[in-house]
Amino acid sequence: MQFTDSHLHLQDYKTKDAQQIIASLRSLGFVKVVCASTSPQDWQAVADFACLAPDLVVPAFGLHPWYLDLSGIDFAAKLEACLRRFPSAWVGECGLDKLKGGDFNSQEHFFNIQISIAKAFHRPLNIHALKVEDVMARLLPQMPPQFMLHSFSGSNEFLRLVLKKGGYISISKALLKRKNSREIITMLPTDRILLESDGPFLSDYSDIPSLAQTIAELKGLDYAAFVAQVKHNLEDFCHG
């Protein structure tokens with residue numbers, strides 16, 4: 001089977017070097033992973049992974065709401081330069097966080113910049129959204145055609161709004177711990193599901209096969225067919 005991981009941070013794995021990580025991914029059957037950044041401080045490391053394995057690694061360049069103080073000078077111009085260098089790159093990880101993020105006005109400022117750049121460059125947007133459903137609901141009309149909520153943890157009502165707007169939902173192991181997990185998984189159209197590890201922080205990319213097995217069982221789907229569908233979903237999401 002061919003596995004995918006729509007959100008992880010390869011640059012933050014410290015126990016293996018880049019060559020070992022790429023070899024490990026290939027040995028486990030991964031054909032596409034999205035390497036998300038959190039600030040300009042790690043953009044070069046993300047770019048290095050994308051250059052090392054361009055067939056496997058899709059880079060995503062952005063500013064996480066926890067790290068606004070690392071935005072640096074000329075943030076928007078530098079982000080645009082990364083997108084020009086990598087025509088397949090996404091924008092992200094970016095978004096809003098009322099639980100752990102900094103000044104909320106600043107969060108909105110930088111998120112709006114990244115939404116605008118994603119739209120201008122016709123790139124997918126990788127969104128971190130925590131305890132901000134009211135604000136995100138207001139911002140949904142501004143989203144680019146291709147956007148996803150990473151490690152979704154929202155309500156059933158918010159999910160309906162995201163799906164109506166055309167968004168994709170990336171599922172991590174964290175969703176399985178929520179009380180409404182079965183409802184969310186049941187509500188999700190199979191063609192809007194992506195799977196992620198959020199490695200190395202939440203889990204490891206090696207956990208993706210078991211996550212896929214669990215979601216397939218909850219939805220009453222054949223495991224191999226579901227894995228193939230998720231791969232197809234990521235391809236569709238990447239190419240619009």
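Guide: Helices here are DSSP runs of H or I with at least four residues, strands are E runs of at least two, and both are numbered from the N terminus. The model is predicted, so local features need pLDDT of at least 70 and side-chain atom pairs pLDDT 80 or more, while totals for chains, interfaces and linings use all residues. Residues count from 1 along each chain as its sequence is written, and side-chain values use heavy atoms, with hydrogens and water left out.

Two terms come first. On a 1 Å grid over the protein atoms alone, a cavity is a set of points where a 1.4 Å probe fits but cannot get out; a pocket is an open set with protein on both sides within 12 Å along at least five of seven lines; lining residues have an atom within 4 Å of a point. Points are joined across faces, edges and corners, and volume is the space filled by probe spheres set on them.

Start with the largest pocket. Its volume is about 470 Å³. The lining holds 19 residues, and Trp 66, His 128, His 150, Ser 151 and Asp 198 lie nearest the centre. Strand E5 (residues 125-130) gives the largest share of this lining, with 3 residues. By class, 7 lining residues are nonpolar, 7 polar and 5 charged. (Nonpolar covers Ala, Val, Leu, Ile, Met, Phe, Trp, Tyr, Cys and Pro; charged covers Asp, Glu, Lys and Arg; the others, Gly among them, are polar.)

Look at His 128, one of those nearest the centre of the largest pocket. His 128 sits in strand E5. With a relative accessible area of 9%, His 128 is buried; buried means under 20%, exposed over 50%, partly exposed in between (1.4 Å probe, protein chains only). Its side chain makes a polar contact with the side chain of His 64, at 3.4 Å. (A polar contact is a pair of N or O atoms within 3.5 Å; within protein, one must be able to donate a hydrogen and the other to accept it, and residues adjacent in sequence count only if both atoms are side-chain atoms.) Beyond four places in sequence, His 128 is in contact with residues including Trp 66, Glu 93 and His 150. Contact means heavy atoms within 4.5 Å.

Glu 93, a contact of His 128, has a feature of its own. A cis peptide bond joins Gly 92 to Glu 93, with omega about 15°. Glu 93 lies in strand E4.

Asp 198 is also among the residues nearest the centre of the largest pocket. Asp 198 belongs to the loop between strand E8 and helix H8. Asp 198 counts as buried because its relative accessibility is 13%. Its phi is positive, about 55°, although Asp 198 is not a glycine. Most residues other than glycine have a negative phi, and most peptide bonds are trans. The loop between E8 (193-195) and H8 also holds Pro 200. The peptide bond from Gly 199 to Pro 200 is cis, with omega near 0°.

Now the second largest pocket. Its space comes to about 310 Å³. Of its 21 lining residues, Lys 32, Val 58, Ser 88, Cys 238 and His 239 are closest to the centre. Strand E2 (30-36), helix H2 (43-52), strand E3 (57-61) and helix H9 (223-239) each give two or more residues to this lining. H9 supplies the largest share, 5 residues. By class, this lining has 13 nonpolar, 4 polar and 4 charged residues.

Val 58 also touches Val 34. Val 34 lies in strand E2. Val 34 is buried, at 0% relative accessibility. Leaving out residues up to four places away in sequence, Val 34 also touches Trp 90 and Leu 234, among others.

The largest cavity holds about 30 Å³. Phe 3, Thr 4, Leu 195, Ile 208, Ala 212, Val 227 and Val 230 line that cavity. Strand E1 (3-8), helix H8 (208-219) and H9 each supply at least two of the lining residues. This lining divides into 6 nonpolar, 1 polar and no charged residues.
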